[in-house]
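Colleague: I would like to learn how to read side-chain features in a model of this kind. Could we go through them one at a time, with the general idea before the particular case?

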Amino acid sequence: MWEGLRLQVFFLCLGAALWSAAAAKMYRGSGPRERGHHRHLSLHRHWERGKEGQVLHRSKRGWVWNQFFVIEEYTGPDPVLVGRLHSDVDSGDGNIKYILSGEGAGTIFVIDDKTGNIHATKTLDREEQAQYTLTAQAVARDTNKPLEPPSEFIVKVQDINDNPPEFLHGPYYARVAEMSNVGTSVIKVTATDADDPTYGNSARLVYSILQGQPYFSVEPQTGIIRTALPNMDREARQEYDVVIQAKDMGGHMGGLSGTTQVKITLTDVNDNPPKFAQGVYAMAVSEDKVPGEEVGRLKARDPDLAENGLVDYRILEGDGMNLFEITKDSETQEAVVKLKKPVDFETKRSYTLKVEASNPHVDPRFIAWGPYKDTTIVKISVEDADEPPTFMAPGYNFEVEENAPAGTLVGRVHAKDTDIMNNPIRYMIPRYTDLEEFFTINHEDGIIKTTRPLDREAQAWHNISVSATEIGGHHQDAKVRVNIKVKDVNDNAPEFAAQNEVLVCENVSPGKLIETVSATDKDEMAHRQHFHFSLAPEVANNHSFSLKDNRDSTASIFVIRKGFSRMTQDVYHLPIEINDNGVPPMSSTNTLIIRVCSCDSKDTILSCNVEPFILPAGLSTGALIAILACIVILLAIVVLFVALRRQKKEPLIVFEEEDIRENIITYDDEGGGEEDTEAFDIATLQNPDGANGFLPRKDIKPELQYPMRPGLRPIGNSVDVDDFIKTRISDADNDPTAPPYDSIQIYGYEGRGSIAGSLSSLESVTTDSDLDYDYLQSWGPRFKKLADLYGTKDSADDNS
């Protein structure tokens with residue numbers, strides 16, 4: 001590849017050099033007429049450009065140039081001559097200086113300021129920049145004064161085939177349906193060439209396939225990949241790796257090329273029917289299975305994918321069509337045979353089904369390849385099982401009259417053992433369905449009876465269960481629901497539907513309807529049965545109110561006299577008899593309370609309270625206010641007095657005559673002495689061993705002596721008292737029988753005037769004592785204060 005590129009570059013460079021020499025010779029050999037002709041063309045082009053904008057003034061130039069070309073990627077040892085600039089004012093004496101500016105001036109392009117020759121000093125790449133715009137000017141060498149106006153010219157980079165084709169979007173991934181016809185378009189691949197498409201064949205590409213025959217082909221000019229073989233089967237091979245080449249120079253020798261990979265995947269179509277692996281499937285089901293349970297599974301395999309591989313199942317024929325059904329597991333695509341109705345081993349022991357599997361989605365292009373279905377035989381055998389008893393009915397409904405005596409017959413349930421053994425049946429009522437044991441059942445014949453009278457108003461329905469258990473065998477049992485309705489008996493008297501007071505104004509008019517009463521009955525009302533209302537005999541001839549039976553289970557109450565007074569009577573009790581006309585008839589007397597109220601002229605009730613009328617006549621509103629004010633003042637004085645008492649401070653000095661208590665109680669209650677056993681619970685201060693019946697000593701030494709702890713020995717008189725006390729404290733702490741001598745309970749019951757006297761040692765210094773405390777002087781510095789305190793009396797006596 002690169003060898004052809006070097007050869008091409010060499011020929012192009014040689015052609016450019018020959019062209020440049022001929023052009024320079026022609027330019028030098030042209031006379032003034034030709035040069036003037038060139039100037040005329042340049043000026044003419046200058047004027048045409050001026051027409052598009054504003055009109056420009058033409059200036060005569062004394063020098064011309066041609067459009068220059070330079071070949072890209074030139075790697076020769078010397079700079080490439082691009083061209084030469086020359087002005088007719090240049091006489092060749094070196095007084096004119098040529099200046100070059102613009103793109104790449106001084107870096108890429110350099111000019112000989114004497115001769116006007118322009119050279120390219122660097123290798124150019126047309127793909128980076130296709131042309132350069134430069135500005136040339138002739139000036140006087142000594143003064144740098146412009147001799148002619150500056151003008152622009154273009155240096156074009158001439159293309160060579162130095163860029164191979166590239167697939168910018170590769171690798172490619174394509175999909176095509178299996179079984180597609182030859183020539184089916186798969187995908188279009190496109191390569192790009194950075195070379196100049198307008199110059200030569202450097203960018204003219206031709207596509208070819210390097211890998212993937214004979215399955216696919218590619219169009220040379222467009223790059224479209226098409227199928228080349230018919231009936232490509234996805235189930236045989238699903239993926240193909242194809243390599244496509246793009247070559248420039250029209251595919252001729254020396255052209256550059258690039259390749260890309262195309263991964264083509266065959267998509268699935270429904271071109272395969274489902275197939276069962278076996279012609280006969282054997283299954284078994286136990287007769288104790290319930291409808292809906294699974295019997296077995298079978299599957300027809302379809303190698304197609306997604307919806308093309310879906311399979312539907314159905315039962316075509318067989319003696320078990322009414323007992324079995326087929327559903328499909330959507331995840332595994334298996335046919336699931338389920339029990340539709342119970343089977344009985346004693347009735348029939350085997351069944352046969354013909355099952356069909358078919359595709360729900362058939363491609364019409366391949367329908368001639370069908371049929372897209374398959375069939376198989378399923379044989380199901382019934383296995384014997386120890387079945388529970390069977391009730392003759394799925395449920396029982398019985399009726400029994402309300403208040404019927406105990407032992408009344410309700411009904412009978414019947415069950416039998418369907419097994420060959422036909423074991424006897426035992427009946428019972430589970431207690432959780434009849435917690436109050438309203439019913440009992442005969443264990444042998446299933447007869448149900450009541451145990452006591454039933455009340456329909458308390459419970460209208462009793463829903464119980466009856467179980468039947470085989471005697472012998474595996475003790476299988478079955479249950480049935482028994483619904484018992486309690487038939488109504490007219491045993492409840494009617495009563496008012498609502499117990500409301502009736503309010504009537506004092507100035508009510510005679511004949512006015514004041515209330516419409518209705519009744520309710522806990523018993524069931526028969527068809528066309530209604531309540532009858534009447535006044536009780538004791539008020540039938542009253543002169544205040546009357547009653548009218550509306551014969552629709554309601555009654556209207558009217559006022560028959562004028563003028564009521566709350567001062568005379570504020571409440572009236574009107575007894576009304578209600579009869580339900582049942583069998584047997586029941587009646588009751590209900591009292592209607594009528595309260596007289598004060599009303600305004602529009603019969604709006606103002607007050608129904610009678611208390612304001614019984615106040616003393618001479619007590620005015622001002623007197624009431626004065627009384628209330630006095631009461632408030634007295635309450636304020638009492639509250640102030642209590643507050644002052646609470647804020648009063650207790651004296652800080654305790655007088656000698658006051659009782660000194662060892663128990664400090666925060667509330668100011670004085671104990672009752674030895675007889676007070678309720679001041680507080682003294683048991684909390686006692687030794688816990690007392691709760692077990694053992695009371696520790698109080699003032700005597702316990703008879704039971706605990707052995708001395710190992711390592712302890714009696715302390716002699718010469719031993720330090722500090723060690724002696726620590727030893728005794730340790731013994732007391734570990735002795736469960738030792739009482740808490742320093743406990744507060746020792747003084748808990750001492751009261752004022754106790755015959756035992758004070759046990760405090762605070763006053764012992766003033767009492768006569770025969771004890772000698774001189775030994776305290778030898779106990780060390782810790783007992784010095786105590787020795788001085790108790791030795792004071794002795795010292796004083798001695799001094800006296």
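Predicted model: local features only at pLDDT ≥ 70, side-chain atom pairs only at ≥ 80, totals over all residues.

**Reading side-chain pairs**

Modeller: Let us begin with a charged pair: Glu-356 forms a salt bridge with Arg-314, and their closest N and O atoms are 2.8 Å apart. Residues are numbered from 1 along each chain as its sequence is written, and side-chain values use heavy atoms, with hydrogens and water left out.

Colleague: What is a salt bridge here, and how many does the structure hold?

Modeller: In general, side chains of opposite charge can pair when their charged atoms come close. The term is used for a side-chain nitrogen of Lys or Arg within 4 Å of a carboxyl oxygen of Asp or Glu, and the structure holds 23 salt bridges. The chain has five helices and 43 strands.

Colleague: Are Glu-356 and Arg-314 buried or partly exposed?

Modeller: Buried means under 20% relative accessible area, exposed means over 50%, and partly exposed lies in between, with a 1.4 Å probe and protein chains only. Glu-356 counts as buried at 8% relative accessibility, whereas Arg-314 counts as partly exposed at 46%. For the chain of 800 residues, 33% count as buried.

Colleague: Which partner forms a salt bridge with Glu-436?

Modeller: Glu-436 forms a salt bridge with Arg-452, with the closest N and O atoms 3.8 Å apart. Glu-436 lies in the loop between strand E30 (425-428) and strand E31 (439-441), and Arg-452 in the loop between strand E32 (447-450) and strand E33 (461-470), so the pair ties together parts that are 16 residues apart in sequence. Arg-452 is partly exposed, with a relative accessible area of 31%.

Another salt bridge joins Arg-456 and Glu-457, whose closest N and O atoms are 3.2 Å apart. Here Arg-456 is buried at a relative accessible area of 11%, and Glu-457 is partly exposed at 24%. Salt bridges that share partners also join Glu-294, Arg-297, Asp-329 and Glu-334 into one network.

Colleague: How many aromatic pairs does a search of the whole structure find?

Modeller: A pair of aromatic rings is described by the distance of the centres and the angle of the planes. Rings of Phe, Tyr and Trp (its six-membered ring) pair if their centres lie within 6.5 Å, and planes under 30 degrees apart count as stacked, over 60 as edge-to-face and the rest as tilted. The search of the whole structure finds 15 aromatic pairs. Phe-68 and Phe-153 form one that is edge-to-face, at 5.4 Å centre to centre and with 90 degrees between the planes. This pair links distant parts of the chain, with Phe-68 in strand E2 (residues 68-71) and Phe-153 in strand E9 (residues 151-158), 85 residues apart. Both Phe-68 and Phe-153 are buried.

Colleague: Why is the pair of Phe-324 and Tyr-351 edge-to-face?

Modeller: The ring centres of Phe-324 and Tyr-351 are 5.6 Å apart and the planes stand at 65 degrees, so the pair is edge-to-face. Phe-324 lies in strand E22 (residues 324-329) and Tyr-351 in strand E24 (residues 350-358), 27 residues apart. Phe-324 is buried, with a relative accessible area of 1%, and Tyr-351 is buried as well, at 6%.

Colleague: Where does the charged end of Lys-348 sit?

Modeller: A charge sits over a ring if NZ of Lys or CZ of Arg is within 6 Å of the ring centre and within 35 degrees of the ring normal. The charged end of Lys-348 sits over the ring of Tyr-351, 5.4 Å from its centre. Arg-561 lies over the face of Phe-564, at 4.0 Å from the ring centre.

Colleague: Which residues does Ser-544 touch?

Modeller: Contact means heavy atoms within 4.5 Å. Leaving out residues up to four places away in sequence, Ser-544 touches Phe-558, Val-559, Ile-560, Arg-561, Phe-564 and Tyr-572. Ser-544 is found in the loop between strand E38 (532-535) and strand E39 (545-549), and counts as buried at 12% relative accessibility.

How values were computed: Helix = DSSP H or I, 4+ residues; strand = E, 2+ residues; numbered from the N terminus.
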